[in-house]
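Please look over the structure first.

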Amino acid sequence: MLRTIGLATTLFTLALPAMAADISGTWDFQGSIEGNVVNMKCDFRQDTAAKVTGRCAFEGLGTSDTTGDVTDDKVVLHNDATREQVYHLTWNATLDPAADAMKGEIVVAEYSGTFTAKKSTAAPAAAAAST
């Protein structure tokens, strides 16, 4: 009987999908594409379906609405940077186990580069301005 309960518990646990990490908050990104620096600061909100929305401020490239998804420890974000024209960027990352840092690849057209990002311990700019 105890073996049956133990086996049922194990099977139930294995059948549950892993919960997506919550990346809500302020993040600092540092990246490079073909030698071009692409740094940004973002404020993200993540809903219960692991959909991400937010706004990112690029260094020297304007601001952009950002959307994305989190699946387990994988993050995919999409936004646009402007330098003489609009560039659509896709950020593919793996979160660290604490979900307070990520690293991965930035893709824009046929070019790619790498980035790292860390979750800030400071309050988001909008929250800080309202206090």
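A: In β2, serine 32 has valine 37 as its bridge partner. This is a predicted model, in which local features need pLDDT of at least 70, side-chain atom pairs count only at pLDDT 80 or more, and totals for chains, interfaces and linings use all residues. Residues are numbered from 1 along each chain as its sequence is written, and side-chain values use heavy atoms, with hydrogens and water left out.

Q: In what sense do β1 and β2 pair, and over how many bridges?

A: Two strands pair if DSSP finds at least two bridges between them. Strands (E, at least two residues) are DSSP runs, numbered from the N terminus. Here β1 and β2 (residues 36-37) pair in the antiparallel sense over 2 bridges. Their hairpin has 2 residues between the strands, and glutamate 34 takes a positive phi near 50° there.

Q: Which residue of β3 stands opposite aspartate 28?

A: Lysine 41 in β3 does. β1 (residues 25-33) and β3 (residues 40-46) run antiparallel and are joined by 5 bridges. β1 also pairs with β9 (residues 111-119), in the antiparallel sense over 7 bridges; glutamine 30 stands opposite threonine 116 in β9.

Q: Is asparagine 92 buried, exposed or partly exposed?

A: Buried means under 20% relative accessible area, exposed over 50%, and partly exposed in between (1.4 Å probe, protein chains only). Asparagine 92 has a relative accessible area of 29%, so it is partly exposed. Asparagine 92 lies in strand β7 (residues 86-95).

Q: What does asparagine 92 touch?

A: Contact means heavy atoms within 4.5 Å. Not counting residues up to four places away in sequence, asparagine 92 touches Val75, Val76, Lys103, Gly104, Glu105, Val107 and Phe115.

Terms used. Helices (H or I, at least four residues) and strands (E, at least two) are DSSP runs, numbered from the N terminus.
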